[in-house]
Amino acid sequence: MAVFFYFIVTLLGALGAWLYTPVKHYVAVFGIQPFESLANIHGVETRFIPDTIACEDLEYHVPSGMLYTACVGDLEIARNWNPGADALVHPDKKAWGSIVVIDPKASNTLKSQKLSLENFEGPLATHGIGLYSAPSDPNVVYIYAINHLPNPKYARSSETEEKAASQVELFVHTVGSDKAQHLRSITHPLVRTPNDLLAISENEFLVTNDHYYREGMMRTVEKLISGFHGWTDLIHLRFDDNRVDAAVALDKIPGNNGLGWGPDQQVIVGDALGGHVYFASLPGPENRTMTISHYHPIDCVVDNANFFVDPFAGIDGKDYSGYLMPGLYGAFQFISGFGDPKFKAPIPGQVWYLPAIAGKDKQFDGTKHRKLIFADDGHTIRSVTTAVLVAIDPKTNSDKREGWLFVTSVIGASMLATKIDFETALA
Ligand SMILES: *[C@@H]1O[C@H](CO)[C@@H](O)[C@H](O)[C@H]1NC(C)=O
């Protein structure tokens, strides 16, 4: 693999003088900057949350103010079985992952609570999740979760069967309870290599396929050129007791990855190896093709991008609402470090911020205004996959405008929370 990357370095080097900015962008995204190390940018105070091992995604449930994540819960299992990271050692040890709830307001004693999953036997090899609550019933949370099940039909001699048979699980949970009930599993041939979900209702969601090929030579080729051209897509699914109806909603983004809600039903899509954040519309009931409004380049592997709503903007007239783009700083370090049996190989990560206007105004110069608000060389947290910002009420915080940035990692030993000063970091 390294040979390919150094070939690309040479190629990009030759184009360098002529194409400086785009080259710098892809050098950062691929992680082919062998002599440059990433300087850490952490908040004013950093904490680790117990029992949050290998949690890829994180969602903020606005009505309850709680955070939800899905965790593999075991690093040895996580490093051997993650179709999204090319870790496809066929699992003898299955993943018994969990859905975990964190109360971000209890910041002095950050704890995680594992939900007991009723009516569900598992295994659960977690990845992205999506939450939905009806406006009329905000305490009932529908939780969609990707489950990378091993394919029971796979055999070593098999040429046609894939190793993974990934599907989507749907649970329902009441805010404050310690359990979630499994409602059903959802499978469809268009859901091949699912990465993240956006829940539209209790029977409708979007899901990204982050690759076309699951493994092998074509997967390598796909990865190398996927910053420029991709085979990934975004699927729209709706279902009832009798059928699952799916359609390709978007296939124009090279590296479809994380999904999030922006203001006014805007869909945010992270373009991983392309290093962009895209803004799109929801599929219509008849025409299910989504329309892309515009996008901004971000110099990292953009993963689970999302929108931070500043609930205290009214207090001092300063609205810090904006987009968060978390991701790996260098795909190569991820590919080479993911499987480290000692769980030590550093996997650098970053979190970028763009003000809310960037999602509305197509002329807005995102490259000029984007801000790097968190960076880690991969020692404090091994990879960054999601970051969610939760504002602290200034009334309880000596009038200071601050917030906790929760950062998760697909192969990390724990999630971290770091306190961000809005005036310094976001303004
Ligand atoms: C469906 O919507 C897409 C995106 O807006 C558009 O390009 C396409 O022409 C539409 N198709 C039909 C049949 O109206």
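What share of the contacts in the protein chain with a separation of 6 or more comes from residues 24 or more positions apart? I looked this up before anything else. The share is 63%. I note here that the model is predicted.

**Entry: the chain as a whole**

I went through the secondary structure next. The protein chain holds eight helices and 28 strands. I then checked burial. The chain has 427 residues, and 58% of them count as buried; the cut-off for that is under 20% relative accessible area. For the surface, I found that the protein chain exposes about 18300 Å². Carbon and sulfur atoms supply 54% of that area.

**Entry: sheet S13 to S16**

I picked out an open sheet of four strands. Its order is S13-S14-S15-S16, and the pairing is antiparallel. Which strands stand at the edges? I found S13, residues 194–201, and S16, residues 244–250. Each has a single partner strand, so one side of each is left without a neighbour in the sheet. Neighbouring strands here are turned by 25 degrees against each other on average, direction ignored.

I followed the pairing of S13 with S14. Strand S14 covers residues 204–209 and runs antiparallel to S13, with five bridges joining the two. I looked for a facing pair and noted Ala199 opposite Phe205, the latter in S14.

**Entry: sheet S17 to S20**

I turned to another open sheet of four strands. This one has the order S17-S18-S19-S20, again with antiparallel pairing. Why is one side of S17 and of S20 left without a neighbour in the sheet? Both stand at the edges, S17 at 256–261 and S20 at 292–297, and each has a single partner strand.

I checked how S20 is joined to S19. Strand S19 spans residues 276–280, and five bridges link S19 to S20 in antiparallel fashion. Across this pairing, Phe279 stands opposite His294 in S20.

**Entry: the ligand**

I finished with the ligand. Which residues surround the ligand? I listed Asn287, Thr289 and Thr291. I then looked at distances to polar side-chain atoms. An N or O atom in the side chain of Asn287 is 2.4 Å from an oxygen atom of the ligand. For Thr291, a polar side-chain atom lies 3.0 Å from a ligand oxygen atom. How much of the ligand's area does the protein bury? Taken alone, the ligand exposes 360 Å², and the protein buries 30% of that.

Note on methods: Residues are numbered from 1 along each chain as its sequence is written. This is a predicted model: local features need pLDDT of at least 70, side-chain atom pairs count only at pLDDT 80 or more; totals for chains, interfaces and linings use all residues. Side-chain values use heavy atoms; hydrogens and water are left out. A residue is near a molecule or strand if one of its heavy atoms lies within 4 Å of it. A polar contact is a pair of N or O atoms within 3.5 Å; within protein, one must be able to donate a hydrogen and the other to accept it, and residues adjacent in sequence count only if both atoms are side-chain atoms. Accessible areas come from the Shrake-Rupley method with a 1.4 Å probe; for residues, only the protein chains shown count as cover. Two strands pair if DSSP finds at least two bridges between them. Axes are lines fitted to C-alpha atoms, for helices over the stretch in contact, and angles run from 0 to 180 degrees between N-to-C directions. Buried means under 20% relative accessible area, exposed over 50%, partly exposed in between (1.4 Å probe, protein chains only). Contact means heavy atoms within 4.5 Å.
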